[in-house]
Amino acid sequence: MNVLPGFRRASRIASLEISEIVQLTEHAAALRAEGRDVIALSTGEPDFPTPAHVIQAAHAAALAGKTRYPATAGTPELRDAIAQRNGVTRAEVIVSTGAKQVLANAMLASLDEGDEVIVPAPYWTSYSDIVAMAGGTPVVVPCSMAQSFKITPASLRAAITPKTRWIMLNSPSNPSGAIYSAGEQRALADVLAKHPHVLILVDEIYEHLSYVPFSSFKSAAPELAERILIVNGVSKAYSMTGWRIGWGVGPAAMIRAMGAVQGQVTSGACSVSQAAALAALQGDESLLESRRETLHARRDKVVAALNAVPGIRCPTPDGAFYVFPDVTGAMQRGGYANDADFCAGLLDRAGLAIVPGRAFGLPGHVRLSFAYSEAELDAGLSRIAEILKGN
Ligand code: PMP
């Protein structure tokens, strides 16, 4: 959309639009502001508050004068705390303005025009946009519900070409909640071992929100360490989405290049937020366990309620706080042409905002977040049941 006279979009971002999740959530908020009764189960954000000790640490840091430009790659204390957790050195860690910036840094630092990035679908919406923005070509590999939304060694092998630069793995996954077991990771690693030109991005931001045992890709494939970038952060586990702190752990040369990019875009991440993130990592983590239990109970309730609706098939996610049911039956029964129409219909007729699967590269599904209060979940679920029961 070229709206200003004289303005022309760069070809790299010719088709880049504001994320469908953001558009939908903003639309729901606008309807609510008009007085409509709208429930949004669309955002990937825990409803819990940031722990008090984290906020206190930020306050103390600001009062102590930690208000100046921090080092570009992160404060030494936070980088060391992350390094220690990951069994690496400080030079192998970069702190950024959210995990999202880690992804952008990595792509900007490594992609040449036309380089390919394998993105198993369903994927978090930003993956393909960030790749395209950096001049790369996302190679989307559909992973159906029948294969638990996970890429198989055979389809990975088939997607690799001489131009492949990265594969992006996300476990636990947004939007499917899928978690790769150590065995599945090992099988993918065996394929990747034969293609040394492929780098491996492993987004583990939902690590602490696993309802089955979680295993990090790097521990299943230590021999690939020189090619692995781990992405993680405090947003999801510690309810710190607004503080904007994420990090990357990878080979020093890669981290240095990402730091060079970051230095020209944002400089170091917010100094006060870094002090807060350090307190989160060093503080009492028992809260993580109790919050996970709460989410676990919500998950079971949401899965059961959705499976009771005719035309919806909802697998149980192993991690994160989303369900990604197949709604093709419900779409057909209701006369909706596709998942986007289905979601538009739910918003219009039932005042419920959820995200169509096409935003995640896998149409025919929808994503609901269960990081909402029991009351909102109950209301949202009964609206779906109500509107679909007559169809
Ligand atoms: N990766 C995944 C899979 C996510 O779902 C998100 C947030 N929706 C991010 C990264 C980005 O998180 P952050 O808030 O740290 O930028």
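Arg244 lies in the loop between strand 7 and strand 8, where helices (H or I, at least four residues) and strands (E, at least two) are DSSP runs numbered from the N terminus. The phi of Arg244 is near 60°, a positive value in a residue other than glycine. Most residues other than glycine have a negative phi, and most peptide bonds are trans. The structure is a predicted model, for which local features need pLDDT of at least 70 and side-chain atom pairs count only at pLDDT 80 or more, whereas totals for chains, interfaces and linings use all residues. Residues are numbered from 1 along each chain as its sequence is written.

Two cis peptide bonds are described next. One joins Ala121 and Pro122, with omega about 10°, and Pro122 is placed in the loop between strand 3 (116-121) and helix 5 (126-133). Another cis peptide bond joins Ser171 and Pro172, with omega about -5°, and Pro172 lies in the loop between strand 5 (164-170) and helix 7 (182-193).

An open sheet of 7 strands, with mixed pairing, has the order 2-8-7-6-5-3-4, two strands being taken as paired if DSSP finds at least two bridges between them. Strand 2 (93-96) and strand 4 (137-142) stand at the edges of this sheet, and because each has a single partner strand, one side of each is left without a neighbour in the sheet. Neighbouring strands of this sheet are turned by 20° against each other on average, direction ignored. Within the sheet, strand 6 (residues 199-203) pairs with strand 7 (residues 228-233) in the parallel sense over 4 bridges, and Val202 has Ile230 of strand 7 as its bridge partner.

An open sheet of 3 strands has the order 9-12-11, with antiparallel pairing. Here the edges are formed by strand 9 (322-323) and strand 11 (355-356), each with a single partner strand, so one side of each is left without a neighbour in the sheet. Strand 9 and strand 12 (residues 366-369) pair in the antiparallel sense over 2 bridges, and Val323 stands opposite Leu368 in strand 12.

Helix 9 (residues 252-263) lies across strand 2, strand 7 and strand 8 (246-249), and runs at about 25° to strand 2; axes are lines fitted to C-alpha atoms, for helices over the stretch in contact, and angles run from 0 to 180 degrees between N-to-C directions. The axes of helix 9 and helix 4 (residues 99-110) come within 8 Å and cross at roughly 105°. That makes helix 4 roughly perpendicular to helix 9, a term that covers angles of 65 to 115 degrees. In this contact, Gln101, Asn105, Ala106, Leu108 and Ala109 of helix 4 meet Ala257, Met258, Val261 and Gln262 of helix 9, with two residues in contact if their C-beta atoms, placed from the backbone, lie within 7 Å. The residues of the contact divide into 6 nonpolar, 3 polar and no charged, where Ala, Val, Leu, Ile, Met, Phe, Trp, Tyr, Cys and Pro count as nonpolar, Asp, Glu, Lys and Arg as charged, and the others, Gly among them, as polar.

Around the ligand there are 13 residues, of which Gly98, Ala99, Lys100, Asn174 and Ser235 come nearest, a residue being near a molecule if its C-beta atom, placed from the backbone, lies within 6 Å of it. The shell around the ligand divides into 3 nonpolar, 8 polar and 2 charged residues.

Conventions: Parallel < 35°, antiparallel > 145°, perpendicular 65-115°, else oblique.
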